[in-house]
Structure formats: C-alpha cells, structure tokens
Amino acid sequence: YQGAQYHTVGFEEATQFTDSQYFSITGSLRSSRMDIPTRLRLTGNPGGVGHGWVKKRFIDPFPSGNVTVKEKDTGLTLAFIPSRVFDNMALTNADPRYIARLKALPDALKKAWLNGSWDVFEGQVFTEFDPAVHVLVPHKIPDDWRRIVAIDYGYNSPFCALWMAQDPQSLRVIVYRELYGPGTRDKLQAQAILKAMTPSERARVTYIADPSMWARKGENEVSPADIYGREGLALIPAKNNRLHGKMRVHEYLAPDVLLLGPGDDGTPLGPQIPGLRIFRTCENLIRTLPNM
C-alpha cells in the first residue's frame, strides 16, 4: 500500500491490526482533489493484538456522552460511536439465542463482547483492575507514610519512575506520581526524579530500581546505578522475580482483607477496598497496567 493514494480507508476489526500496520496504511490516506475529501473508518471489538493502541487512541479520549474530540497536536477530529449487540436488532430478532451464547462465554470475553467493556480482554493479566475502584482523585497524603520511588530505566524503551506512599497501619499503597517517556539519558533521568520532589520529600524516600541497572558493559564502564548515585540517588536493587511480582500485584489489587488481617473478634479490619490505588494523574500507569 505504500506510495499509493487512497481517498477512503476502512479497517474491519481494527484490533486485529498492530499500530504500525494502522499508521503505515493511514499514511497513504490523501487526496489531490479538493472535491474529494478523505475518510477513515474503523470497526472493532475489545481484544486482539491491537487492543492497547485502539483503546488509547479511540476509546480513552472520550468521556461519557461525548462522541467527538479534536486532537491538540494534529487538529484532527476523532469520533467514537459505541455500539453493543443489543443495538443490532436485526440480529437479535433473527437469532434470539445469540445473547444467551454470549452470556455463556468466559468472563473476559463476555464482558468485552456482551457488555462492550474495553477494560477487560481475553489474555489480560490483571483482570481485577477497575478504574472506578483503583483510580483516585489526587489528595494530600499524610507526611508520616512510607515513601518509595520505583525506577525502571531505559532509553529506547520508556523510562519510568513511580512514587508510592504506604499507610503504616493498613499497609495500603497509593501511587501518587509518575515520570514516563523514552529518549532520556541516565543522568537526566536521575535529575528529573530529584526535580519532581521537594527537599523534605527527598529526605524520606527510598529508591528501588531494576537490578539490571548495576550491570557494566565493559571493564572500565560505569553502571546506570553509578550514574544515579553521582546525582544523589542511592538505589536499592529490587526483587524482580516476575512470577512473585505478578502475584503481589494481584494481592494488592484485590480487597485488602488479607493485608489488614483479622481484628480481635475475628472480623476484618477496615472497609473492603483494594490494597493498591492510583492517582488519576498517573495516566501512563493507568493505561499500561490493564493492557498487560
């Protein structure tokens, strides 16, 4: 398709395409005639290899009740028209049992294809994640809570730092700040982390980082951890066993009865709320966590 000119492009089941396929084809969407406008149309269901990029580009920008939005960077107008199986009356009238068959699907597929939910899909790891439960409006966090900055460094792949605060009594964790993005060198990453904090906050933060940051490429090379240390960030290696870490995230996303422990009379302490919640300003964590 490269080099050709298309006035209209349509994708059937867009979530079955990768983002690179989508953008390479839309790069050929153009018109050399003023009387022929260009059009781009996509249909799709939750799930598939392209679920993440379709959700980010066409689903997440639209608040409830708003079906059009103009992109700030491009000036393009995007429209999202939600539709569920119940809107297809020709199908449901001809095959009334189709709804029953959708209800019999595994839970993730049922939520996606029957209810039209883009927050769950087949193969999703953290199915417990629910923005209505786990995402918070930012608020003041008590000064005596434990503070941790978790760091995953990278240059071509995005660098990420997450600020977490832990309630000393309930052990619940709130992720309250993030830095995220590719193309930043180690020294600048460390400087950006320090710049994001006040001096008093720096004094009570523990910095935990990917163990690979201690690797040296050559005999005389310094490691990323060394570079961070020169900037004033004393890092501690994380325990990065993937299976154990995955299970810990499952535990913290669930209601925190186990985290709190039983009271003296055997009843759980505190309300049934999750052990991990995220400020809504941490947009990249909220975007990537449910897409895993």
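View 1. The model is predicted, so local features need pLDDT of at least 70 and side-chain atom pairs pLDDT 80 or more, whereas totals for chains, interfaces and linings use all residues. Residues are numbered from 1 along each chain as its sequence is written, and side-chain values use heavy atoms, with hydrogens and water left out. T26 belongs to helix α1 (residues 19-26); helices (H or I, at least four residues) and strands (E, at least two) are DSSP runs numbered from the N terminus. Neighbours within four places in sequence aside, T26 is in contact (heavy atoms within 4.5 Å) with F11 and L40.

**View 2. The largest nonpolar core.** This core has 38 residues, and those with the most contacts inside it are I151, I193, Y207, Y228 and L235. A nonpolar core is a set of buried Ala, Val, Leu, Ile, Met, Phe, Trp, Tyr and Cys residues joined through side-chain atoms within 4.5 Å. Strand β7 (residues 159-166) supplies its largest share, six residues. Another core, of 14 residues including V9, I25, F58 and F62, lies apart from it.

**View 3. Strand β9 and its partners.** V205, Y207 and A209 form the covered face of β9 (residues 205-209), while T206 and I208 form the uncovered one. Strand β6 (residues 146-152) pairs with β9 in the parallel sense over five bridges; pairing requires at least two DSSP bridges between two strands. T206 is the bridge partner of I148. β9 and β10 (residues 235-237) also run parallel, joined by three bridges, with Y207 opposite L235.

**View 4. The tilted pair F62 and F80.** The ring centres are 5.9 Å apart and the planes at 45°, so this pair is tilted. Rings of Phe, Tyr and Trp (its six-membered ring) pair if their centres lie within 6.5 Å; planes under 30 degrees apart count as stacked, over 60 as edge-to-face and the rest as tilted. F62 is buried, with a relative accessible area of 9%.

Terms used
Buried means under 20% relative accessible area, exposed over 50%, partly exposed in between (1.4 Å probe, protein chains only).
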